[in-house]
Amino acid sequence: MLLNWRTSTGLPLPQPQPSANNSAQCASLFRSLLLSVTEVLKSKDLCFSLIKSYEMPMRSSETVRVCTPASTQNSGCGMLINSSFSENECVMNIMRDLAYYHTAIETYLKSPLHRPETEIPLLSPTLGILRDLRKNCSPMETAEHNSTEDAPGRWGNSSYVNRQKMCKMMRGFHVRAITINRVVGYISSGDHRK
């Protein structure tokens, strides 16, 4: 008698593709994030009367490296690297960035503030958008992207020093938000699937 056995393989399940409606909502949230960070930097409430510095601390450059389209990655010596673009890896790094900045802003708002009556309302919209992005636009499980692996434990007792660090960090976050919006546009275009 011949037995017919079905075999199974342990391949990962494909990521559910976001619906067009969810993709549009996420793209809108990423645009809102960029506009919110831009407004924070335009405001005189956070960076007013601080010594200008061109230092812009950011989370690691891993997101930029992973999210660069394969045909444009540079090895540093003028040669293009032939590596493949991974949408999942890119989105995971973006979510790690969002977790990093969410934690940084959230802990900053709990630290001694120069003018809490202006700083809290100024940063709260950005914090809300970060929360919405992490909740609604992440393909990862909630526990996985709530990690604070890189969480900045940088806030001390001096509101001036804290505000100075936050101002520098927000400048870096602005650059990262621009990059993330470009990447979201690239992913949305579908060019990487061709």
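Student: Which residue follows α7, and what is its phi near?
Tutor: This is a predicted model, in which local features need pLDDT of at least 70 and side-chain atom pairs count only at pLDDT 80 or more, while totals for chains, interfaces and linings use all residues. Residues are numbered from 1 along each chain as its sequence is written, and side-chain values use heavy atoms, with hydrogens and water left out. Helices here are DSSP runs of H or I with at least four residues, and strands are runs of E with at least two, numbered from the N terminus. The residue that follows α7 has a positive phi, and it is Gly190, with phi near 80°.

Student: What distance does helix α7 reach from its first C-alpha to its last?
Tutor: Helix α7 covers residues 159-189, which is 31 residues.

Student: How are α4 and α7 arranged, roughly parallel or roughly antiparallel?
Tutor: The axes, which are lines fitted to C-alpha atoms over the stretch in contact, with angles from 0 to 180 degrees between N-to-C directions, come within 11 Å for α4 (residues 87-109) and α7 and cross at roughly 155°. Angles under 35 degrees count as roughly parallel, over 145 as roughly antiparallel, 65 to 115 as roughly perpendicular and the rest as oblique. The crossing angle therefore makes α4 and α7 roughly antiparallel.

Student: How many nonpolar residues are in the contact of α4 with α7?
Tutor: Contact means heavy atoms within 4.5 Å, and among the residues that meet are Val91 and Ile94 in α4 and Met166 and Phe173 in α7. Ala, Val, Leu, Ile, Met, Phe, Trp, Tyr, Cys and Pro count as nonpolar, Asp, Glu, Lys and Arg as charged, and the others, Gly among them, as polar. Beside two polar and four charged residues, the number of nonpolar ones in this contact is 15.

Student: How many residues apart in sequence are the parts that Cys26 and Cys137 tie together?
Tutor: A disulfide, meaning a pair of cysteine sulfur atoms within 2.5 Å, joins Cys26 to Cys137 with an S to S distance of 2.1 Å. Cys26 lies in helix α1 (residues 20-42) and Cys137 in the loop between α5 (116-136) and α6 (142-145), so the separation of the joined parts is 111 residues.

How values were computed. Expected span 1.5 Å × (residues − 1).
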